Amino acid sequence: MDIDLSQFSQVFFEESIEGLAIMESELLKLDVATPDPETINTIFRAAHSIKGGSATFGFTQVANYTHLLETLLDEIRDGRRQMQPEHVDILLLSVDLLRGMFEALMSQAEFNDPKLPELELRLNHTLANQPTQAQSASTPSASTATQSTASCWQIDFKAGADIMRCGNDPMLMFAELASKGPLTAELLPVSFPVWDDFDPEACYLHWRLALITDEPLAKLKEVFEWVEDECEISYNQAEAAPAAELAIPEQAQPPQPEVDMAVSAPEVIALVPEVPASPSDKAVASQKQSAAAKSGESSSIRVSTEKIDMLINMVGELVITQAMLGQIGQQDEINQESLLLLQQGLEQLASHTRDLQESVMQIRMLPISFAFNRFPRLVRDIGQQLGKKVELILKGEDTELDKTVLEKIVDPMVHLVRNSLDHGLESPEVRLAQGKPETGTIMLNAYHQGGCIIIEIADDGAGLNTGKILQKARQKGLVGPDEELSEDAIHQLIFKPGFSTADAVSDLSGRGVGMDVVKRNIHELNGSIELKSDAGKGSRFTIRLPLTLAILDGQLVRIGKHIYVVPLVSIYESLQVPTNRINRLSDGHELIRLRDEYLPVIKMYREFNHDADAREIKDGLVMVVDHNNEKTGLLVDELLAQQQVVIKSLEENYTRIPGISGATILGDGTVALIIDVAGLVKLAGIGSSNEHAA
Amino acid sequence: MADISIEQVKQGNQQYLSFIMANEEYGVDILSVQEIRGWEPTTVLPNAPDYVKGVINLRGTIVPIIDLRQKFGIKTLEYGATTVVIVVKVTMDETQKVIGIVVDAVSDVFSIEEEEIRRAPDFGHGTDLRFIKGLANVQDKMVILLEINRLLGSAILPDPETLNRIIGNLEQQSQVMTA
């Protein structure tokens, strides 16, 4: 029977990527000098599950590679090998490599990372370097009789048709093999003859055996001595590096009659055709799911059964309420009593609907640990690279937020953490000289506040160097030569496009992604970012985000008979501008003076091709909005209510409209469009000539 | 409405919903029709071509409404209680979109066999035949069968005039700023 395994591969990918995340986080936790056996076990199990799964699904490359990992881990687990820091390095690099492999598999692309052979070589080298195994490494040929440690044999056994008739039972032979070491047997697909030619006494079977034993080959051959002539038997102590053909039972591959010792590599590792990981292993791996970081934007979501149960309960309640209302509806007449019941029922219905909506939203909520979990690794790698000692503290990892927000906040966070490491934290010597502890601290903290989630990224480094920033800003002409700025205003400068205080373009800084991009990304999520910095004590970035992208706080505005929603986070203030504060440039563009700033004003009715009551600035209201830290005024007729709106897609059935980010449905059932401030500013052409400079 | 027999379905007859516009009868594949509604006020979209009347809320989904008369360049009628909106599902770029079209009145449902459909004569440059699947004769009336996917696929692009205005605007502004 053919089972299409591909339908399960998506789940396998997800599980494997989770497994990799587990491996990574456990590896980072690991104390190399005194490794906790449970931690190593966890890492081993994750690797084992990935190997087993990939072998089942026919992902040879992954299976071969993870096999090497597994061998190494197994030796460490059994205490045969002392854990070394370099092992952690290799394993972490392997996690990255495997991630790449899975990404390639998921996008059905070829995986051609030059790191693969390189790491494979390193792994093999490490494995071969065990003192107890050095012997066998130096004797690569058939002299395996001297081999003292266990090795793994792959034996292809194709029984001759007459084997049973001669009184030989393969099972007995296998049993004997099993007495020499752990044995797995796999029946390869066989082709039976058509019914007419079928001989019930003949044997048509073909096994592939994997045996781990320290017995020499000669001893293994002894087992099959009696049937050698009539059966096709091949012995492989499989080679590790180009192992593609050997590792996985490939159905088309003819059994090799020769004893294939000559090609065996000096390495002691051999490849075992792996039986799928046992269910219990997989269960352990998926229980650890909470520790897993999702990579990339996968379209599916794993939901805890608790949340599903809650939904089912809620729907149950809803059905009961519906039945109750239905009963009232069947009564012949409505009296005082039934009216009361009806009211109660409707109230219940309303509350259930609200609960249901909340629970459905909950499904999209994931703990922020999914984002946080990549940081230990990042901090470790960059810290090592920069020669800085860093301790990373994670707080509020259970705080939940919407999946889409979570996915989009990771990049800005990575940038901020990298910044803290690179610019914020001083080198150990400097820190000691300043009387600070040698090890710097970076703290990530997440918590809920109102309808928002707050993410803080704080370090105890040097803080922002205001003098340097100001100097740089003067150089770039962002600040006039004599202009004095408050400390806070200076801090804000780092969010300007094209601004970098790094003296030189390093590996980490100056790679094009500036703080302006961070700020823009956060703004795109309808969030905001604040910065507090104390010279010598450190800096703290506070990101405030809506819990979900589906709902936003909006200000309803009217232009003529059209109603638009402006996201509340982009609004600074709204005001009526007296005529004496309106200036006109020679080209007819109008500016308003607001305290010490001159702001351009976008006449929304003109950009949107609408009629409006107020065609001149003095007749209407100017709403000051923020776009990339640039303030711009929007001319509107009237401010209406502020309310939370549910965002609906316009593109789903229509197309993108410049200046509009989506639509929402108002209380009366009509549609209102949501203003995309950045898009509107662009549509009006403001700052478009600056765009290239940034 | 015409009877639908299993026989007809078996023969692979396609059913069409026909509607009237300026005394002509048009037909669209009935499988693409989701529902038929009355006219309701729409939310006007900024810078949309004039035949895009705006969007409505269709049970939580935002659905654009297109005036087919305007799209065809026929003089428009005053909308009223009898104005009909046919909500159709069309496939564009491999995604399915729901769009409402405003027509004068819904007429009939009928089946047509593939071989009964005649090609529309080519009148030259003025007519755009890509939107017309063919012509059919139903009870001595000519029905113009529309290729709704192509028709509406092209409908939601902003018209050249608007596009030019936006682009011109952007260019002009950037010139001013650099000057």
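**A:Gly181**

I began with A:Gly181, which counts as buried at 16% relative accessibility; buried means under 20% relative accessible area, exposed over 50% and partly exposed in between, with a 1.4 Å probe and protein chains only. This is a predicted model, where local features need pLDDT of at least 70, side-chain atom pairs count only at pLDDT 80 or more, and totals for chains, interfaces and linings use all residues. For my own bookkeeping, residues are numbered from 1 along each chain as its sequence is written, chains are lettered from A and ligands numbered from 1 in the order in which they are written, and side-chain values use heavy atoms, with hydrogens and water left out.

I found A:Gly181 in the loop between α7 (170–178) and β2 (183–187) of chain A. Helices (H or I, at least four residues) and strands (E, at least two) are DSSP runs, numbered from the N terminus. Which residues does A:Gly181 contact, leaving aside its neighbours within four places in sequence? I noted A:Leu211 and A:Ile212, where contact means heavy atoms within 4.5 Å. I also checked A:Cys152: it is 29 residues from A:Gly181 in sequence, and the C-alpha atoms are 9.6 Å apart.

**Two helix pairs in chain A**

Next I looked at α3 (residues 60–77) and α5 (residues 115–128) of chain A, which pack at an angle of about 30 degrees with axes 10 Å apart. Axes are lines fitted to C-alpha atoms, for helices over the stretch in contact, and angles run from 0 to 180 degrees between N-to-C directions. The pair α3(A) and α5(A) is therefore roughly parallel; angles under 35 degrees count as roughly parallel, over 145 as roughly antiparallel, 65 to 115 as roughly perpendicular and the rest as oblique. I logged the crossing of α3(A) and α5(A) as left-handed, meaning that the near helix is turned anticlockwise from the far one by less than a right angle (clockwise would be right-handed).

Residues making this contact include A:Tyr65, A:Leu68 and A:Leu72 of α3(A), and A:Leu119, A:Leu123 and A:Leu127 of α5(A). By class, I have 8 nonpolar, 4 polar and 2 charged residues in the contact of α3(A) with α5(A). Here Ala, Val, Leu, Ile, Met, Phe, Trp, Tyr, Cys and Pro count as nonpolar, Asp, Glu, Lys and Arg as charged, and the others, Gly among them, as polar.

Then I turned to α15 (residues 403–424) and α19 (residues 515–524) of chain A, packed at about 150 degrees with axes 9 Å apart. That makes α15(A) roughly antiparallel to α19(A). The crossing of α15(A) and α19(A) is left-handed. Among the residues in contact I saw A:Ile409, A:Pro412 and A:Leu416 of α15(A), with A:Met515, A:Val518 and A:Ile522 of α19(A). The contact of α15(A) with α19(A) has 6 nonpolar, 3 polar and no charged residues.

**Positive phi**

Most residues other than glycine have a negative phi. A:Arg595 lies in the loop between β16 (590–594) and β17 (597–603) of chain A, and at 59% relative accessibility A:Arg595 counts as exposed. In chain B I flagged B:Arg59, with a positive phi near 45 degrees. B:Arg59 is placed in the loop between β4 (52–58) and β5 (61–67) of chain B and is exposed, at 63% relative accessible area.

**Chain totals**

Chain B has 4 helices and 10 strands, with 42% of its 179 residues buried.
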